[in-house]
Amino acid sequence: MNRQNPSQNDPVNDPVNDPVQDALDPNSSNLDANDPNVARDPVCGMLVDKRTAENTLSPTVGSSEDTLYFCGADCKADFERDPQRYGYANF
Ligand SMILES: [Zn+2]
């Protein structure tokens with residue numbers, strides 16, 4: 001009789017890469033949604049720093065909407081294509 005050994009224990013190497021980057025990197029975008037200087041990109045939902053945002057969009061004069069801030073030109077372009085899709089009618 002040939003006896004085989006079907007179950008070999010292969011040690012599973014499963015390193016957990018979970019670097020904690022809390023306040024270590026001052027340039028990381030740890031933005032707080034409650035910060036008055038922080039707005040939310042209406043397209044992708046990303047938080048955007050109003051002070052450094054380069055892609056903004058102002059509503060038409062007379063509307064009650066606030067200026068919108070986008071994380072990038074792509075999101076702004078998406079928004080401009082169809083503002084109503086994102087719940088805005090006055091842009
Ligand atoms: Zn975006």
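In this chain, 36% of the contacts with a separation of 6 or more are between residues 24 or more positions apart; a contact here means two C-beta atoms, placed from the backbone, within 7 Å. This is a predicted model, so local features need pLDDT of at least 70, side-chain atom pairs count only at pLDDT 80 or more, and totals for chains, interfaces and linings use all residues. Residues are numbered from 1 along each chain as its sequence is written.

Next, the layout. There are four strands and one helix, and the order along the sequence is β-β-β-β-α. Helices (H or I, at least four residues) and strands (E, at least two) are DSSP runs, numbered from the N terminus.

On burial: 12% of the 91 residues count as buried. Buried means 20 or more other C-beta atoms within 10 Å of the residue's own, with C-beta atoms placed from the backbone.

Which residues form the largest nonpolar core? The eight are Ala39, Val48, Leu68, Tyr69, Phe70, Cys71, Cys75 and Phe79. A nonpolar core is a set of buried Ala, Val, Leu, Ile, Met, Phe, Trp, Tyr and Cys residues joined through C-beta atoms within 7 Å.

Why does Leu68 count as buried? Because Leu68 has 24 C-beta neighbours inside 10 Å. Leaving aside neighbours within four places in sequence, Leu68 is in contact with Pro42, Thr56 and Leu57. Phe91 is 23 residues from Leu68 along the chain, and their C-alpha atoms are separated by 9.7 Å.
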